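Student: I have a model open and want to learn how to read its features. Where do we begin?

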Amino acid sequence: MKLIAFTPSSIDWKGRTIVGLHRAKGTWSLGRFPFPQVVYNRCYGSDPQLIHKLGAAIGADHCFNDVNQLNKLDIYNKLNRWLAPNLPETVPYDEANATSMLERHGEIYFKPLFGCMGKGVYRAERSPSGDVRTGQHYFVPQTVTSDHAFFREHMKQLVRSTPYIVQKGIPIRQIDGQVFDIRSLVQKNEQGLWSVTNLVSRIAYKGSFNTSIFVKSCLSQDILKKLYSPNKVQAIMTSIYDVSLRTAEIIDMETDYHLGEFSVDVALDPEAHPWIIELNGKPQKDLYRGIPNRSAVYQRPLQYARYLCGKRSL
């Protein structure tokens with residue numbers, strides 16, 4: 001297998017060649033190569049027309065993760081038919097929905113419809129006295145008001161014209177006073193079948209709800225062992241594996257996305273019930289630096305590419 005990294009601007013459509021970096025004998029070298037047999041799209045939010053053109057050249061089923069900037073509301077609606085007990089209520093943002101969700105749940109999150117890395121995420125909660133507290137990244141609020149009209153106007157100024165969702169807040173289990181999540185990496189293997197490669201946790205800074213800005217990452221099992229008995233740890237991990245693989249089946253069944261990998265971000269509530277917070281169509285790979293037995297994280301996409309090479313193009 002020859003591995004080449006290239007950008008859309010380096011494609012020569014007429015000559016059917018690409019200019020890219022090729023890894024050989026431990027070093028990268030620049031060269032011109034024929035069109036690859038399989039393309040793994042790592043450009044976030046790629047131009048659909050370019051992906052379609054590339055698919056027409058090499059075979060539509062030979063380009064995977066063609067869509068990797070996922071619509072949070074669309075994903076929620078598709079999963080909710082099958083996995084409602086594991087999904088916090090999610091609705092499109094408008095003033096009425098924001099008010100209604102806050103009244104019903106007491107804690108809500110505002111997220112960009114196509115957001116990533118925790119950018120533009122805001123949290124709002126209603127205190128016992130009726131004040132509304134809002135903030136970004138941290139639980140300590142940046143604004144506190146008893147005027148709900150002010151809260152609605154404040155959120156409108158923050159959101160502006162960007163499409164947003166409003167998501168029910170989950171009381172997230174913490175370790176040593178820090179929030180952590182569980183990222184389930186779901187990848188297709190050399191048989192073209194979904195499998196969960198590992199569960200990795202990101203531990204947020206003290207006082208922060210944003211695990212995208214984390215102090216450290218580690219195998220989820222290492223955290224769970226400090227919080228639960230061995231039998232409970234196994235039960236939690238099995239539950240997350242099952243939910244993750246069911247999610248993959250639904251994505252394949254309900255969408256026309258061709259994904260070779262994605263991640264499921266899960267939060268545990270105080271009863272250790274797993275909640276799907278969101279999916280990521282372009283999982284961060286630097287998250288796995290220092291994680292034991294991480295080679296499969298990088299090998300699986302190549303194994304899946306080899307599998308696609310053996311398939312006749314549709």
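Tutor: With a definition. A pocket is an open set of grid points with protein on both sides within 12 Å along at least five of seven lines, and its lining residues have an atom within 4 Å of a point. Keep in mind that this is a predicted model.

Student: Which strand gives the most to the lining of the second largest pocket?

Tutor: Strand E19 does, with five residues. E19 spans 274-280. Helix H2 (72-83) and strands E8 (107-112), E12 (164-168) and E18 (261-268) are also among the elements that each supply at least two residues of that lining.

Student: How much space lies in the second largest pocket, and which residues are closest to its centre?

Tutor: About 800 Å³. The lining has 47 residues, and Lys 111, Asp 265, Ile 277, Glu 278 and Asn 280 are the closest to the centre. By class, the lining divides into 23 nonpolar, 12 polar and 12 charged residues.

Student: How much space lies in the largest pocket?

Tutor: About 1000 Å³. Its lining counts 34 residues, and those closest to the centre are Leu 3, Ile 4, Val 38, Val 39 and Tyr 40. Two or more lining residues come from each of strand E1 (4-5), strand E4 (27-34), E5, H1 and helix H7 (295-309).

Student: Which element gives the most to the lining of the largest pocket, and how does the lining divide by class?

Tutor: H7 gives the most, with six residues. The classes are 25 nonpolar, four polar and five charged.

Student: Which residues line the largest cavity?

Tutor: Arg 123, Glu 125, Arg 133, Thr 134, Gly 135, Tyr 138, Phe 139, Val 140 and Pro 141. Strands E9 (122-126) and E10 (132-136) each give two or more residues to this lining. E10 gives the most, with three. By class, the cavity lining has four nonpolar, two polar and three charged residues.

Student: Now a helix. Which residues of H1 are buried?

Tutor: Buried means under 20% relative accessible area. In H1, residues 48-58, the buried ones are Ile 51, Leu 54, Gly 55 and Ile 58. Seen down the helix axis, these buried residues fall within an arc of 100 degrees, so they line one face of H1.

Student: What covers the buried residues of H1, and which exposed residues does the face turned away carry?

Tutor: The cover includes strands E5 (39-40) and E6 (63-64). The face turned away from the buried side carries exposed Gln 49, His 52 and Ala 56.

Student: Which residue caps the N-terminal end of H1?

Tutor: Asp 47. One of its side-chain oxygens lies 3.0 Å from the backbone nitrogen of Gln 49. Just after H1, Gly 59 takes a positive phi of about 110 degrees.

Student: Where do Arg 16 and Asp 176 lie?

Tutor: Arg 16 is in the loop between E2 and strand E3 (17-24). Asp 176 is in the loop between strands E13 (174-175) and E14 (178-179). Arg 16 counts as partly exposed, at 42% relative accessibility. Asp 176 is exposed, with a relative accessible area of 63%.

Student: Is Ser 10 buried or exposed?

Tutor: Ser 10 is buried: its relative accessible area is 15%, against a cut-off of under 20%. Ser 10 sits in the loop between E1 and strand E2 (11-12).

Student: What is Ser 10 in contact with?

Tutor: Leaving aside neighbours within four places in sequence, Ser 10 is in contact with Thr 17, Ile 18 and Val 19. A polar atom of the Ser 10 side chain also lies 2.7 Å from the backbone oxygen of Thr 7.

Note on methods. Residues are numbered from 1 along each chain as its sequence is written. This is a predicted model: local features need pLDDT of at least 70, side-chain atom pairs count only at pLDDT 80 or more; totals for chains, interfaces and linings use all residues. Side-chain values use heavy atoms; hydrogens and water are left out. Buried means under 20% relative accessible area, exposed over 50%, partly exposed in between (1.4 Å probe, protein chains only). Helices (H or I, at least four residues) and strands (E, at least two) are DSSP runs, numbered from the N terminus. The arc is that of the directions from the helix axis to the C-beta atoms. Contact means heavy atoms within 4.5 Å. A polar contact is a pair of N or O atoms within 3.5 Å; within protein, one must be able to donate a hydrogen and the other to accept it, and residues adjacent in sequence count only if both atoms are side-chain atoms. On a 1 Å grid over the protein atoms alone, a cavity is a set of points where a 1.4 Å probe fits but cannot get out, and a pocket is an open set with protein on both sides within 12 Å along at least five of seven lines; lining residues have an atom within 4 Å of a point. Grid points are joined across faces, edges and corners, and a volume is the space filled by probe spheres set on the points. Ala, Val, Leu, Ile, Met, Phe, Trp, Tyr, Cys and Pro count as nonpolar, Asp, Glu, Lys and Arg as charged, and the others, Gly among them, as polar.
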